[in-house]
Amino acid sequence: MGVTEKMRKILVVITTAFVPWGGLTTVAMNYYRAMDKRDLQIDFASDSETVPALAGELEENGSRYIQLPDRKRHPVKYAGSLFRVLRSGRYGLIHVHGNSATMLAELIPAWILRVRKRIVHVHTTQSSHLVTHTIMKLPMNMLATERIAVSKAAGCYLYGKRKFILLNNAIDVNRYRYNAEYRKEYRKRLGLSEKEYVLGTVGKLHASKNTLFLVDVFYKIRLKCRTAKLLIVGDGELRTEIEKRIAQLGIESHCMLVGMQMDTSPFLSVMDVFVFPSQYEGLGLALVEAQAAGLPCYASDRVPQEAAVTESVEFMALEQGAEEWAALIYERGICGDRTAASQYAEKQICRSGYHILTEAERLRKIYSEKQKGK
């Protein structure tokens with residue numbers, strides 16, 4: 001598909017790694033796949049290498065991926081390169097996905113080049129660069145022409161009392177629907193029988209996800225249920241520490257760390273219970289996906305309430321401790337009919353505004369609307 005003069009040129013910038021298992025990338029690509037792109041030229045950029053499958057998908061859809069210099073190590077080179085990309089590509093809109101006010105780094109080149117629409121899109125409620133975030137917060141808000149947030153809490157964290165658009169972290173419900181064949185196939189791959197009780201989670205092995213706490217919860221459940229297994233889908237800097245905790249508790253043969261996965265949906269069908277004890281979240285996309293799979297879900301009360309789009313989510317305080325979490329999770333048991341639960345969840349997800357087709361159309365309208373005063 002060629003680019004015509006009438007097409008609106010958009011550059012989507014991911015401030016983390018552009019990989020299929022990255023949270024920001026997942027959200028951005030969910031929208032990209034579902035959006036009507038007939039008069040839009042949407043390209044992507046970040047400072048990481050990507051995988052051939054993702055780059056190939058963009059190319060097949062008439063888009064391209066642009067790798068920028070390292071954002072943290074070489075911020076000046078990064079900004080300069082982004083400036084040249086925006087100028088040579090003649091982009092009329094930049095959409096920056098990020099977690100803090102450091103998105104100012106992307107807005108400055110766009111502002112200098114008079115890119116008319118400059119969108120910032122926040123995905124979390126805390127920053128790991130607090131000083132920098134605080135300094136950049138005001139100028140970032142001044143240079144942004146549109147502000148988007150994945151939850152009210154995330155919007156208030158970055159934009160304060162300024163107006164922002166709440167755009168749900170929507171999903172393709174068909175993709176995450178419970179699949180009995182997946183369950184059978186992937187349980188076999190993992191060496192699991194149908195009788196085994198599988199607790200699971202999906203997410204980066206990062207302090208914010210609180211996976212060490214999940215290991216402690218599982219250990220307590222294991223004392224009550226000898227068929228219990230733990231399935232962790234994800235990877236990250238805390239993997240070694242998590243593996244040490246598992247070894248200390250003597251539960252190595254009962255825990256499966258399967259790493260990052262291109263597609264997490266088969267693993268959700270494998271699980272019996274989904275546990276999400278995050279320290280903080282912008283929304284918690286994995287929790288929405290788990291609900292679509294018909295799973296009973298347990299999340300910390302630090303996860304935004306908007307993520308509970310069905311009645312299958314129970315929020316608990318981390319202060320209650322692993323013992324109490326384990327007791328409640330084990331007492332509640334598993335879902336008797338996952339197929340029915342998944343079908344019911346799909347209806348609730350659609351009604352709650354988390355169906356990707358609905359939200360992708362909303363984002364398209366944001367892209368297509370003329371900037372006020374322009």
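**Entry 1: charges over rings**

I looked up Arg189 and found its charged end over the ring of Tyr186, 4.3 Å from the ring's centre. I keep in mind that this is a predicted model. I then turned to Lys9, which lies over the face of Tyr91 at 4.9 Å from the ring centre.

**Entry 2: aromatic pairs**

Next I looked at rings beside rings. A pair of aromatic rings is described by the distance of the centres and the angle of the planes. I counted pairs whose centres lie within 6.5 Å. By this rule I have 9 aromatic pairs.

I picked Phe18 and Phe44 from the list. Their centres are 5.4 Å apart and their planes make an angle of 35 degrees, and the pair is tilted. Where do Phe18 and Phe44 lie? Phe18 is in the loop between strand S1 (8-14) and helix H1 (23-34), while Phe44 is in strand S2 (residues 40-46). The two are 26 residues apart in sequence, so the pair ties together separate parts of the chain.

Phe18 has a relative accessible area of 0%, so I noted it as buried. Phe44 has 1% relative accessibility, so Phe44 counts as buried too.

Phe44 also pairs with Tyr32. I read 5.3 Å between their ring centres and 85 degrees between their planes, so this pair is edge-to-face. Tyr32 sits in helix H1 and Phe44 in strand S2, 12 residues apart, and the pair links distant parts of the chain. Tyr32 is buried as well, with a relative accessible area of 3%.

I wrote down one aromatic cluster: it is formed by Phe18, Tyr32, Phe44 and Tyr65.

**Entry 3: strand S2**

Since Phe44 belongs to S2, I checked the strand residue by residue. Why do I call S2 largely enclosed by the rest of the structure? I call it that because 7 of the 7 residues of S2 are buried. Leu40, Ile42, Phe44 and Ser46 point one way from the strand, and Gln41, Asp43 and Ala45 point the other way. Both sets are buried.

**Entry 4: the neighbours of S2**

I looked up which strands pair with S2. S1 and S2 run parallel and are joined by 6 bridges. Across from Val13 I found Ala45 of S2. S1, H1 and S2 together make a right-handed β-α-β unit.

Strand S3 (residues 65-67) is also parallel to S2, and 3 bridges join the two. What is the bridge partner of Ala45 in S3? The partner is Ile66. With helix H2 (residues 52-60) between them in my list, S2 and S3 make a right-handed β-α-β unit.

**Entry 5: the whole chain**

I counted 15 helices and 13 strands. The radius of gyration is 21 Å, close to the 21 Å that the globule rule gives for 374 residues, so the chain is as compact as a globular protein of that length. Along its principal axes the C-alpha trace spans about 65 × 40 × 35 Å.

How much of the chain is buried? Buried residues make up 55% of the 374 residues. I also looked at contacts with a separation of 6 or more, and 71% of them are between residues 24 or more positions apart.

Methods. Residues are numbered from 1 along each chain as its sequence is written. This is a predicted model: local features need pLDDT of at least 70, side-chain atom pairs count only at pLDDT 80 or more; totals for chains, interfaces and linings use all residues. Side-chain values use heavy atoms; hydrogens and water are left out. Rings of Phe, Tyr and Trp (its six-membered ring) pair if their centres lie within 6.5 Å; planes under 30 degrees apart count as stacked, over 60 as edge-to-face and the rest as tilted. Helices (H or I, at least four residues) and strands (E, at least two) are DSSP runs, numbered from the N terminus. Buried means under 20% relative accessible area, exposed over 50%, partly exposed in between (1.4 Å probe, protein chains only). A charge sits over a ring if NZ of Lys or CZ of Arg is within 6 Å of the ring centre and within 35 degrees of the ring normal. Two strands pair if DSSP finds at least two bridges between them. A crossover is right-handed if, with the strands pointing away from the viewer, the path from the first strand over the helix to the second runs clockwise. The radius of gyration is taken over C-alpha atoms; the globule rule is 2.2 Å times the number of residues to the power 0.38. Contact means heavy atoms within 4.5 Å.
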